[in-house]
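The stops below are meant to be followed in order, one selection at a time.

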Amino acid sequence: MKIVLVSYSGTSASILKDRMSAWATANQVEAEIVISSLSGLDEGKEDADIVLVGPQVRCALASVRERVPVTIPVVAVDTRDFGMAKGDKIMKEAIAEIRRCCGE
């Protein structure tokens, strides 16, 4: 599965990505997690399974949805989960949304 994490804050997003990857590895879930800025979102999103929007760019959620194919779910990450880098919780929610949206 490919997850695109849209964020302004590189450090916070990087920590979260590491924790999400660690959870995926520990739970034998094959996951590619890519951090993207809003401006970089136009590249690499076509084959994403889900786009997660960090709290810093939540104000642009509607814009992100317009730029992503309708078949790809776009979800705002909970501010507290993002800030505390709860990679396990965010991964579980992402997987559940992919299954709900796409029937996988």
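**Stop 1: isoleucine 3**

Select isoleucine 3 and show what surrounds it: leaving aside neighbours within four places in sequence, it is in contact with Met20, Glu32, Ile33, Val34, Ile50, Leu52, Met91 and Ala94. Bear in mind throughout that this is a predicted model.

Now widen the selection to the largest nonpolar core, which has 18 residues. Isoleucine 3 is among those with the most contacts inside this core, together with Leu5, Leu16, Met20, Leu52 and Met91. Strand E1 (2-6), helix H1 (10-26), strand E3 (50-53) and helix H4 each supply at least two of the core residues. Apart from this core lies another, of 14 residues; to find it, select Val4, Val51, Leu61 and Ile72, which are among its members.

**Stop 2: strand E1**

Select residues 2-6, which make up strand E1. Which way do its side chains point? Lys2, Val4 and Val6 point one way from E1, while Ile3 and Leu5 point the other way. Because 5 of the 5 residues of E1 are buried, the strand is largely enclosed by the rest of the structure.

Strand E2 (residues 32-36) is joined to E1 by 5 bridges, and the two run parallel. For a landmark on this side, pick valine 6, which stands opposite serine 36 in E2. E3 is joined to E1 by 4 bridges, and this pair also runs parallel. Here the landmark is valine 4, opposite valine 51 in E3.

**Stop 3: isoleucine 33**

Stay on strand E2 and select isoleucine 33, which is found there. Is isoleucine 33 buried or exposed? Isoleucine 33 has a relative accessible area of 5%, under the 20% cut-off, so it counts as buried. Its contacts, neighbours within four places in sequence left aside, are Ile3, Lys17, Met20, Ser21 and Met91. For a distance check, draw a line from the C-alpha of isoleucine 33 to that of arginine 58: the two are 25 residues apart along the chain and separated by 19 Å.

**Stop 4: helix H4**

Select residues 87-102, which form helix H4. H4 has 16 residues and reaches 22 Å from its first C-alpha to its last, close to the 22 Å expected at 1.5 Å a residue. Colour its buried residues: Gly87, Ile90, Met91, Ala94, Ile95, Glu97 and Ile98. Look down the axis of H4: these buried residues fall within an arc of 160 degrees, so they line one face of the helix. An α-helix has 3.6 residues a turn, so residues three or four places apart point the same way.

Zoom in on alanine 94, which is buried with a relative accessible area of 2%. Beyond residues up to four places away in sequence, alanine 94 touches Ile3, Ile50 and Leu52. The C-alpha of alanine 94 is 9.7 Å from that of valine 74, a residue 20 places away in sequence.

**Stop 5: two cysteines**

Finish with cysteine 59 and cysteine 101. Cysteine 59 is exposed, with a relative accessible area of 74%, whereas cysteine 101 is partly exposed at 37%. How many disulfides does a search of the whole structure find? The search returns 0.

Conventions. Residues numbered from 1 in each chain as written. Predicted model: local features only at pLDDT ≥ 70, side-chain atom pairs only at ≥ 80, totals over all residues. Heavy atoms only, no water. Buried < 20%, exposed > 50% of the residue type's maximum accessible area, 1.4 Å probe, protein only. Contact = heavy atoms within 4.5 Å. Expected span 1.5 Å × (residues − 1). Arc of directions from axis to C-beta. Disulfide = S-S within 2.5 Å. Core = buried A, V, L, I, M, F, W, Y, C linked by side-chain atoms within 4.5 Å. Pairing = 2+ DSSP bridges.
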